[in-house]
Amino acid sequence: MSGHALIDGILWGWFALTALATAYVGYDQFKGGSDERANSLAMTTMRWGWVLVTLYTGPFGFIVYWLLRRARAEAARAVPTSLWEESIDSTIHCVAGDATGILIAAAVGNWLRLPMGVELIAEYVAGFCVGLFLFQALCMKSAHDGSYRRAVWGTVLPETLSMNTVMAGMIPVMIILMSRDMSAMEPTSVRFWGTMSLSFVVSSVITLPVNWWLVARGLKHGTGGEERARRCHTASVASKLKAMVLTLAILAGGIFLAARYGDFSLRAGGSMDKRWMSSGGDF
């Protein structure tokens, strides 16, 4: 079996497990919920966040979900109260929204044959918009007196900090892997989805500390953390500025790695196709 066939076989196995994991999480999230709070918009958004993150990250997302679910069951609590639990919830609906926008932009960018550098800008914008308007603001409405407009304005900074670190993990994984195998640039290839899945796993890990900081200071919250967000706005302007500079530095580091070991000028179906074909798909 060739190296490429082996990789494809591993990826198909990964996505088979992903399908099973997503089905389980979807059933587990939506099977119950008869009380008013469980049927709230924020809870529904959180449930879809878990389903989408499991779909995007496969067994990795399922393991996180299972461990968190087990911890809550052992604590015999209906809602989480600990900071780390809320931080994981916050990371989940962050990655769910951002990754959804990124995937949409990646598909459109592939169809338009945009250079990877341009496509990544579109992915940032799309991920930011979907994350802000469909996930962050909806989950934070209750912490802003039920006002969606105030929730949008109140979550611009948290979404920016989260998006910076999500892209910091995604950019080097995408650029480096796609520079070495251009079949990974085509959405019709299993390697494209494998690359995206790996990039979202890395992004989730990198953005978790930022979401922990945001939750600790009441700028975001996880399931059941509305009261913490209402009473705990402890981030000063100076600390917010430092957080912004830090996440931009992390993003710059990801871009540097991608530029050092990859090629931002690549485009699907572009002029490098002949090089890729003549090298048997490897650089």
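**Reading the model**

Tutor: By class, five nonpolar, one polar and one charged residues form the lining of the second largest cavity. The model is predicted, and that applies to every value discussed here.

Student: Which residues line the second largest cavity?

Tutor: The lining consists of N110, M116, E119, M178, M185, F192 and A268.

Student: How is such a space found, and how many cavities of 30 Å³ or more does the structure hold?

Tutor: Rolling a probe the size of a water molecule over the atoms shows where empty space is left. In this structure there are two cavities of 30 Å³ or more. The second largest cavity contains about 40 Å³ of space.

Student: How many helices and strands are there in the protein chain?

Tutor: The protein chain has 11 helices and zero strands. Its pattern along the sequence is α-α-α-α-α-α-α-α-α-α-α.

Student: What do the totals for the protein chain say about burial, surface and contacts?

Tutor: Of the 283 residues in the protein chain, 51% are buried. Its accessible surface is about 13,200 Å², and carbon and sulfur atoms account for 70% of that. Taking contacts between residues at least 6 apart, 74% join residues at least 24 apart.

Student: How does one check the length of a helix, for example helix 7?

Tutor: Compare the span expected from the residue count with the distance between the end C-alpha atoms. Helix 7 covers residues 156–180, and at 1.5 Å a residue its 25 residues should span 36 Å. The end C-alpha atoms are 36 Å apart, so the two values agree.

Student: Why is helix 7 described as largely enclosed by the rest of the structure?

Tutor: The reason is burial: 20 of the 25 residues of helix 7 are buried, so the helix is largely enclosed by the rest of the structure. M167 has a relative accessible area of 1%, and the cut-off for buried is under 20%, so M167 is buried.

Student: Which residues does M167 touch, leaving out those up to four places away in sequence?

Tutor: M167 touches I102, L120, Y124, P172 and L251. A C-alpha distance gives another view: M167 and G127 are 40 residues apart in sequence, and 9.2 Å separates their C-alpha atoms.

Student: L251 is among those partners. Where is L251 listed, and is it buried or exposed?

Tutor: L251 is in helix 10 and is buried there, as are S239, A243, T247, G254 and A258. The buried residues of helix 10 pack against helix 7 and helix 8. As for length, helix 10 has 25 residues and reaches 36 Å from its first C-alpha to its last, close to the 36 Å expected at 1.5 Å a residue.

Student: Is L241 buried or exposed?

Tutor: L241 lies in helix 10, residues 237–261. Its relative accessibility is 55%, and the cut-off for exposed is over 50%, so L241 counts as exposed. L241 and L157 are 84 residues apart along the chain, with 10.0 Å between their C-alpha atoms.

Student: How is a pocket described, taking the second largest pocket as the case?

Tutor: Give its volume, then its lining. The second largest pocket has a volume of about 310 Å³. It is lined by 14 residues, and those closest to its centre are L11, L177, G194, T195 and L198. By class, the lining has eight nonpolar, three polar and three charged residues.

Student: Which helices supply at least two residues each of that lining?

Tutor: Helix 1 (3–30), helix 7 and helix 8 each do. Helix 8 provides the largest share, six residues.

Student: What can be said of L198?

Tutor: L198 is in helix 8, residues 190–216. With 42% relative accessibility, L198 counts as partly exposed. Leaving out residues up to four places away in sequence, L198 touches V173 and L177. L198 and M170 are 28 residues apart in sequence, and their C-alpha atoms are 8.3 Å apart.

Student: And the backbone: what is the phi of R113?

Tutor: R113 has a positive phi of about 60°, although it is not a glycine. R113 sits in the loop between helix 4 (83–112) and helix 5 (116–140). Its relative accessible area is 35%, and R113 is partly exposed.

Note on methods: Residues numbered from 1 in each chain as written. Predicted model: local features only at pLDDT ≥ 70, side-chain atom pairs only at ≥ 80, totals over all residues. Heavy atoms only, no water. 1 Å grid on protein atoms, 1.4 Å probe; cavity = no way out; pocket = protein on both sides within 12 Å on 5 of 7 lines; lining within 4 Å. Points joined across faces, edges and corners; volume = space filled by probe spheres on them. Nonpolar A, V, L, I, M, F, W, Y, C, P; charged D, E, K, R; others polar. Helix = DSSP H or I, 4+ residues; strand = E, 2+ residues; numbered from the N terminus. Buried < 20%, exposed > 50% of the residue type's maximum accessible area, 1.4 Å probe, protein only. Contact = heavy atoms within 4.5 Å. Areas by Shrake-Rupley, 256 points an atom, 1.4 Å probe, with all protein chains shown as cover. Expected span 1.5 Å × (residues − 1).
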